[in-house]
Amino acid sequence: HTARQLGAGSPDKTSPAEHGTVAAIAEGRRFALELGKGGEEDVASARIFACVHLLDHTERLVERTDDRRRVESVRRHPQLAGEVRELVAALPDLAAGLQAGVIPEKTFALVEESASDLEEDRRQFRRNAIEAGSEGKISGDELDELLDAHRWLRRVAYHCWRIAVYAGAK
């Protein structure tokens with residue numbers, strides 16, 4: 001879903017709620033919490049903890065990428081194209097790894113790097129955007145939209161990285 005939303009084609013017009021993703025996540029979380037009631041410690045409880053967090057980040061990722069206004073905003077700004085390409089390139093392998101039960105280290109590294117780069121660059125990105133606004137290269141509304149799009153993309157990358165972490169990639 002996330003790759004389709006951010007990728008080169010048209011964004012998915014079907015919301016995750018409509019194709020059952022949100023319900024499946026909620027059911028998975030409920031099941032993991034039921035397992036946790038057994039009082040098992042150590043490895044089992046750590047796995048349940050990881051499962052619940054993985055589902056939480058997945059739900060947040062789905063909700064964020066279902067925000068069509070922000071998806072279109074991110075796709076509209078050429079300043080974000082490199083970061084979008086970097087993240088989208090890793091998503092098919094992340095999804096395949098989740099289905100296989102193992103996130104390849106290379107995929108983990110790509111997702112981690114995408115999240116890290118966006119986080120580390122946030123202050124400089126903000127300075128550059130504000131400078132462009134103050135020089136009249138972009139309007140105040142465009143500045144607000146650009147900063148919001150960058151924040152949104154940072155959060156999407158962060159959720160992808162945390163999903164990989166909780167899936168046991170690292």
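A charge sits over a ring if NZ of Lys or CZ of Arg is within 6 Å of the ring centre and within 35 degrees of the ring normal. Keep that in mind for the first stop.

**Before you start.** This is a predicted model, where local features need pLDDT of at least 70 and side-chain atom pairs count only at pLDDT 80 or more, while totals for chains, interfaces and linings use all residues. Residues are numbered from 1 along each chain as its sequence is written, and side-chain values use heavy atoms, with hydrogens and water left out.

**Stop 1: Trp161 and Arg162.** Select both. Arg162 lies over the face of Trp161, 4.8 Å from the ring centre.

**Stop 2: Phe49 and Tyr166.** The whole structure holds two aromatic pairs. Phe49 and Tyr166 form an edge-to-face pair, 6.3 Å centre to centre with 75° between the planes. Rings of Phe, Tyr and Trp (its six-membered ring) pair if their centres lie within 6.5 Å; planes under 30 degrees apart count as stacked, over 60 as edge-to-face and the rest as tilted. Phe49 is in helix H3 (residues 43-65) and Tyr166 in helix H8 (residues 140-166), 117 residues apart. Helices (H or I, at least four residues) and strands (E, at least two) are DSSP runs, numbered from the N terminus. Phe49 is partly exposed, at 47% relative accessible area. Buried means under 20%, exposed over 50%, partly exposed in between (1.4 Å probe, protein chains only).

**Stop 3: the core.** Select Val74, Leu80, Leu87, Leu94, Leu153 and Cys160. Of the 34 residues in the largest nonpolar core, these touch the most other members. H8 gives the largest share, 13 residues. Such a core is a set of buried Ala, Val, Leu, Ile, Met, Phe, Trp, Tyr and Cys residues joined through side-chain atoms within 4.5 Å. Cys160 is buried, at 0% relative accessibility.

**Stop 4: Cys51.** Cys51 is partly exposed, at 32%.

**Stop 5: Leu146.** Find Leu146 in helix H8. Is Leu146 buried or exposed? Buried, at 3% relative accessibility. Leaving out residues up to four places away in sequence, Leu146 touches His77, Gln79, Leu80, Phe125, Ala129 and Ile138. Contact means heavy atoms within 4.5 Å.

**Stop 6: Ser114.** Move to helix H6 for Ser114. Ser114 is buried, at 2% relative accessible area. Beyond its neighbours within four places in sequence, Ser114 is in contact with Glu83, Glu86, Leu87 and Ala157.
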